[in-house]
Amino acid sequence: MHASAPPSCTSDPAPSWSETARTAVSFLLFLHFFALAVGFTSNTWSPSPLLVRLRDVPPVRPYLQLLGWDVPWLGLYSLTHAAEDDTDHTLAAELRMADGSSREIVLPEPDLRLPERKRRFTRLAATVGELAGNSTVESILPQAIAAHFVGQYGAAGGTIRCRRHFLQPTEAVLRSGRDEIAPYSREQTLYEARILVSDGLVELLKIESAADVAPPAATTPATP
């Protein structure tokens with residue numbers, strides 16, 4: 001009696017992708033790496049106009065937002081050279097409420113932990129500081145911000161100002177003890193104006209000095 005030979009084991013051929021599937025996957029990989037490259041190179045303080053346009057291409061920005069890449073790389077910190085002209089800007093509004101109380105708002109908020117919002121508020125404050133001194137446009141942003149605060153908090157008036165904060169020189173930091181280092185060497189008020197509210201309209205009265213006040217800026221309705 002002869003033993004029967006075991007059945008031959010034949011392996012199924014490995015499944016192969018169709019030409020259409022390979023093309024689609026290759027295209028999706030290209031879009032993936034292209035979006036990452038644009039997000040990496042454009043995530044700077046002042047990207048080039050070309051990178052800004054590439055970042056706004058319809059598929060790119062939503063994809064970066066999905067991946068969580070649409071936020072500044074530097075997070076809560078900005079790199080500087082510790083030079084005298086490395087400055088931070090803040091916007092502060094002291095609002096007078098209808099009941100006589102007061103409310104102070106500072107942008108960016110000192111305890112704000114959301115990196116993207118902090119960088120946007122910092123850029124907003126820096127833009128107000130950059131426009132200060134140009135009588136044609138310097139009141140446009142502060143007026144819009146003041147109108148927003150008035151509408152949001154129901155304020156009856158107040159003051160809005162933009163300050164520049166100068167860093168401590170490197171020599172002063174090296175001479176000081178760790179517990180003695182102040183964050184800024186000095187402050188400079190670049191723009192200051194009184195907020196006037198009348199019949200739901202907001203006007204700014206720029207303060208040139210203690211005894212010199214410029215004419216009111218254009219009227220803006222308060223935004224709720």
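This is a predicted model: local features need pLDDT of at least 70, side-chain atom pairs count only at pLDDT 80 or more; totals for chains, interfaces and linings use all residues.
Reader: Okay. How many helices and strands are there in the chain?
Author: You'll find 6 helices and 7 strands. Walking from the N terminus, the order goes α-α-α-β-β-α-α-β-α-β-β-β-β.

Reader: Now, how do I decide on a residue like Arg55: buried or exposed?
Author: Look at relative accessibility: under 20% is called buried. Arg55 comes out at 8%, so it counts as buried. Arg55 is part of helix 2, which covers residues 49-55. Val38 sits 17 residues away from Arg55 in sequence, yet the two C-alphas are 6.3 Å apart.

Reader: And His89, which strand is it in?
Author: His89 belongs to strand 1, residues 87-97. Its relative accessibility is 10%, so His89 is buried too.

Reader: What is His89 in contact with, leaving aside its neighbours within four places in sequence?
Author: Quite a list: Pro108, Ala125, Ala126, Gly129, Cys162, Arg163, Arg164, His165 and Leu190.

Reader: Zooming out, what share of the chain is buried?
Author: Of the 224 residues, 28% are buried. The chain exposes about 15,000 Å², and carbon and sulfur atoms supply 59% of that. As for contacts with a separation of 6 or more, 57% join residues 24 or more positions apart.

Terms used:
Residues are numbered from 1 along each chain as its sequence is written. Side-chain values use heavy atoms; hydrogens and water are left out. Helices (H or I, at least four residues) and strands (E, at least two) are DSSP runs, numbered from the N terminus. Buried means under 20% relative accessible area, exposed over 50%, partly exposed in between (1.4 Å probe, protein chains only). Contact means heavy atoms within 4.5 Å. Accessible areas come from the Shrake-Rupley method with a 1.4 Å probe; for residues, only the protein chains shown count as cover.
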